[in-house]
Amino acid sequence: MTNTQVTLLQIDNYGPWTVTPEPRREADLQTLQSRLYADISQFVGNRDGYVFFTRFDNMIAVTNGLSFEDHALLQESVGNRYPVTLSLGVATGKTPVQALSDATTLVQDAGSAQDKNRRECLEGRVIDDDHRTDDDVQIAHFDVIDATGEYTDELNAFDTFIEIEQGYASLMRYMREAHDSLAFFVGGDNVIVVCPDLGEGEYEDAIYHVQESVDVDLQVGVGRGETAHEAGIAAKHALEDCRANGTRVELGW
């Protein structure tokens, strides 16, 4: 049984800030967002967690192993170096969606995303060390079979992007609705999915669904671990087994 710890990171009052005292240059906003994501990803990654940028003003992290003190330090670091602050909700659950839903409620209860009086809330709970296990996190790493040959070397860059994004969108919705999982595009033709305790059959069904709905062929390696990093590395190795063996699903345990 998985026990995923999820953190919702939400920039405080970001929408109004982007247009106060007048609309800010889009290039400056994109630069701030990308740098903030990179710094948060490095901070959480150094503690064996994963961060996904989603909409940039909202980010979702798998933070098994990070303490409340780690979260507070992240808020302090961002507040000292950026013109914006972060509010954080932390929750745990048997499924990633359950954990994220609880984390989201904590932040929403502290105030609206556009509430100028909400600053650096930190609410929720983390998994006590005594209750952590080697199987708390399950990560599935999907990619497109022969994306270079099928798309990158055949289509223009934008049409390739459309095809990859269609595969991602189909997988993201299916895994959310069928298995309470969270799927994130991470560049190239790669999608990382944070999952509950699923088996080979469930992943085969997901691959079949995407192939049937948008004609994109996927393969997946799956890993388990005490942290997102451990599970993710196991998933990467399992994905390499798919490539070497010509298989669609490999489980790294």
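Helices (H or I, at least four residues) and strands (E, at least two) are DSSP runs, numbered from the N terminus. The model is predicted: local features need pLDDT of at least 70, side-chain atom pairs count only at pLDDT 80 or more, and totals for chains, interfaces and linings use all residues. Residues are numbered from 1 along each chain as its sequence is written, and side-chain values use heavy atoms, leaving out hydrogens and water.

**Exercise 1.** Find what span helix H2 has, and which of its residues are buried.

*Solution.* Start with the span: H2 runs over residues 26–45, and its 20 residues reach 28 Å from first C-alpha to last. That is close to the expected 28 Å, where the expected span is 1.5 Å times one less than the number of residues.

Next, look for buried residues (under 20% relative accessible area; exposed is over 50%, partly exposed in between; 1.4 Å probe, protein chains only). In H2 these are Leu 29, Leu 32, Gln 33, Leu 36, Ile 40, Phe 43 and Val 44. They lie on the same side of H2 because they cover an arc of only 100° around the axis, taken from the directions from the helix axis to the C-beta atoms.

Finally, turn to the face away from the buried side: it carries the exposed residues Arg 35 and Gln 42.
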